[in-house]
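Here are some friendly notes to read with the model open beside you. Take the points one by one, and find each residue as you go.

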Amino acid sequence: MGKPYHVRMKRAIVLLGAALLLASCGTGKPAAPERVHMDIVELSGIAPSQPSGPFDVQLGVEVQNLSNEPVTIKRVEVSQIGTGAFRLQSGVPGVGGNRPYLFNTLVAPGTSDTVTFWVHAYAVGVRGSNREHEPVTLRATVYFDAKSGAFHEITQEILDQH
């Protein structure tokens, strides 16, 4: 026959205790609260008469300060993910995508502000083709200073081209 009832119960209790201990160890520390919310915005893009070739696009990063302390936008770096109606010119260091844009813009707690900058780009689509309306996906890394210490955040945005 099997083991006595009390031996089986002891074993079950030990196994249950071990399972609970492992489950409690598996939960990491809670995520830090979000300090800022960011959106990439296209302020000036491809004109309806823009032929294929180089042009400049005006972009911005809107920062909403969700913390209880002022934060200062210090630097923005933008890169492109994939293809689209245009591509950022990043082949030359310091020009177009991946170029650091420097700021010293203070964003008070509970408010928002937008920093803007121009980026060299290349229009890929020929006017009237489907390519001219392809969305462009951009990623921005924004560096901040605050009394509690410097930090950075990353955001990604799909910009419609209509």
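1. Which four strands form an open sheet, and in what order? The order is S5-S3-S7-S8, and the pairing is antiparallel. Two strands count as paired if DSSP finds at least two bridges between them. The edge strands here are S5 and strand S8 (151-159), each of which pairs on one side only. On average, and with direction ignored, neighbouring strands of this sheet are turned by 25° against each other. Such angles run from 0 to 180 degrees between N-to-C directions, with axes taken as lines fitted to C-alpha atoms, for helices over the stretch in contact.

2. A word on what you are viewing. This is a predicted model, in which local features need pLDDT of at least 70 and side-chain atom pairs count only at pLDDT 80 or more, while totals for chains, interfaces and linings use all residues. Residues are numbered from 1 along each chain as its sequence is written, and side-chain values use heavy atoms, with hydrogens and water left out.

3. Now the overall plan. The protein has one helix and eight strands, and from the N terminus on its elements run α-β-β-β-β-β-β-β-β. Helices (H or I, at least four residues) and strands (E, at least two) are DSSP runs, numbered from the N terminus. Of contacts with a separation of 6 or more, 72% are between residues 24 or more positions apart; contact means heavy atoms within 4.5 Å.

4. Another open sheet of four strands has the order S1-S2-S6-S4, again with antiparallel pairing. Its edge strands, each pairing on one side only, are strand S1 (36-44) and strand S4 (86-88). Neighbouring strands of this sheet are turned by 40° against each other on average, direction ignored. Eight bridges join S1 to strand S2 (residues 53-65), and Ile40 has Val61 in S2 as its bridge partner.

5. Go back to the sheet of point 1 and look at its pairings. Strand S3 (residues 71-81) and strand S7 (residues 136-146) run antiparallel and are joined by 10 bridges. Arg75 stands opposite Tyr143 in S7, and Arg75 also lies over the face of Tyr143, at 4.0 Å from the ring centre. For a charge to sit over a ring, NZ of Lys or CZ of Arg must be within 6 Å of the ring centre and within 35 degrees of the ring normal. Arg35 lies over a ring face too, that of Phe151, at 3.8 Å from the ring centre.

6. Follow S7 onward to S8. Nine bridges join these antiparallel strands, and Leu138 has Glu157 in S8 as its bridge partner. S7 and S8 form a hairpin with four residues between them, and Gly149 in the turn has a positive phi of about 130°.

7. How many aromatic pairs are there? The count comes to four, where rings of Phe, Tyr and Trp (its six-membered ring) pair if their centres lie within 6.5 Å; planes under 30 degrees apart count as stacked, over 60 as edge-to-face and the rest as tilted. Tyr101 and Phe117 form a stacked pair, 4.4 Å centre to centre with 25° between the planes. Tyr101 lies in strand S5 (residues 100-107) and Phe117 in strand S6 (residues 112-123), so this pair ties together parts that are 16 residues apart in sequence. The rings of Phe103 and Phe117 have their centres 6.3 Å apart and their planes at 55°, so that pair is tilted. Tyr101, Phe103 and Phe117 form one aromatic cluster.

8. Buried means under 20% relative accessible area, exposed over 50%, and partly exposed in between (1.4 Å probe, protein chains only). Buried residues make up 31% of the 162 residues in the protein.

9. Phe117 is also one of the residues with the most contacts inside the largest nonpolar core, which has 32 residues. A nonpolar core is a set of buried Ala, Val, Leu, Ile, Met, Phe, Trp, Tyr and Cys residues joined through side-chain atoms within 4.5 Å. The largest share of this core, six residues, comes from S7.

10. Finally, find Glu69 in the loop between S2 and S3. At 13% relative accessibility, Glu69 counts as buried. The residues Glu69 touches include Arg35, Pro109 and Ala146.

Terms used
Lists of a residue's contacts leave out its neighbours within four places in sequence.
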